[in-house]
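Please walk me through this protein model.

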Amino acid sequence: MKKLITSISKIAVILTLSAIVVSCNKEQTKSTGNTASSSAAAAEGIVYVNSDSLLSNYDYYKAVRDKFQEKSKKAQADLTAKGTAFQREVAAYQQGAANLSAEQRATTEERLARKQQELATYNQNAGNALANEEAAENDKLYNKVSDYLKGYAKSKGYKIVLTYSKSNPAVLYADESLDVTKAVVDGLNADYKKEKK
């Protein structure tokens, strides 16, 4: 789970450190906002998305996070069960080792060593499989957000969409009138609901 959060955080960092630049072929539309700063935002074509809020409110991200938490719990429970069974087998061997011949002890120790190696390999393979699946989901998440923002920016006449994150602020200050997070999250969630049907 920590790996998933770290991976998702890396996406947020990538989003934070980079801007998605969208060139508009048509002339910018004029803002009909109530404040001078929102008019300036439309004129400049620069807005931002709070990636912390986006991730905490995006239903697709929450579904992926929950799925990986469940998978991680299952993998951990499976590994714990296998480890406990192995420990019982080792304890049983240690209790009865005095009654075994040298050849039987050597054979049992080799078998237990192989089993321990198999358990370690199983753990590593399970971890790698989960990490690969997480990486694929992270790519999918990034692409969904990026593709949506490209279309959103083009439809609104924005040239640049920046991201802001409290944990890694590349943008130290931005006027709240430039924050389009809610509209982006609403659009992403609407698209996700359509996909689920």
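The protein chain has six helices and three strands, where helices (H or I, at least four residues) and strands (E, at least two) are DSSP runs numbered from the N terminus. From the N terminus on, the order of elements is α-β-α-β-α-α-α-β-α. This is a predicted model, in which local features need pLDDT of at least 70 and side-chain atom pairs count only at pLDDT 80 or more, while totals for chains, interfaces and linings use all residues. Residues are numbered from 1 along each chain as its sequence is written, and side-chain values use heavy atoms, with hydrogens and water left out.

Of the 197 residues of the protein chain, 31% count as buried; buried means under 20% relative accessible area, exposed over 50% and partly exposed in between, with a 1.4 Å probe and protein chains only. Contact means heavy atoms within 4.5 Å. Among contacts between residues at least 6 apart in sequence, 84% join residues at least 24 apart.

Two helix pairs come next. Helix H4 (residues 59-96) and helix H5 (residues 102-156) pack at an angle of about 175°, with their axes 11 Å apart. Here axes are lines fitted to C-alpha atoms, for helices over the stretch in contact, and angles run from 0 to 180 degrees between N-to-C directions. The angle makes H4 roughly antiparallel to H5; angles under 35 degrees count as roughly parallel, over 145 as roughly antiparallel, 65 to 115 as roughly perpendicular and the rest as oblique. By class, the contact of H4 with H5 has 13 nonpolar, five polar and 14 charged residues. In this scheme Ala, Val, Leu, Ile, Met, Phe, Trp, Tyr, Cys and Pro count as nonpolar, Asp, Glu, Lys and Arg as charged, and the others, Gly among them, as polar.

Within H5 lies glutamate 137. Glutamate 137 is buried, with a relative accessible area of 11%. Leaving aside neighbours within four places in sequence, glutamate 137 is in contact with Tyr60, Val64, Lys67 and Phe68.

H4 also packs with H6, at an angle of about 60° and with the axes 8 Å apart. That makes H4 oblique to H6. Asp59, Tyr60 and Ala63 of H4 meet Asn189, Tyr192 and Lys193 of H6 in this contact.

The largest nonpolar core has 23 residues, and Leu54, Tyr58 and Val184 have the most contacts inside it. Such a core is a set of buried Ala, Val, Leu, Ile, Met, Phe, Trp, Tyr and Cys residues joined through side-chain atoms within 4.5 Å. Strand S2 (46-50), helix H3 (51-57), H4, H5 and helix H6 (181-196) each give two or more residues to this core, and the largest share, seven residues, comes from H5. Leucine 54 touches Val49, Val145, Thr181, Val184, Val185 and Leu188, not counting residues up to four places away in sequence. A second, separate core of six residues includes Val90, Tyr93, Leu112 and Leu119.

How many aromatic pairs are there? The count comes to four, where rings of Phe, Tyr and Trp (its six-membered ring) pair if their centres lie within 6.5 Å, and planes under 30 degrees apart count as stacked, over 60 as edge-to-face and the rest as tilted. The rings of tyrosine 148 and tyrosine 152 have centres 6.0 Å apart and planes at 20°, so this pair is stacked. Both tyrosines lie in helix H5, four residues apart, about one turn of the helix. For tyrosine 152 and tyrosine 158, the centres are 6.1 Å apart and the planes at 45°, so that pair is tilted. Tyr58, Tyr60 and Tyr192 form one aromatic cluster.
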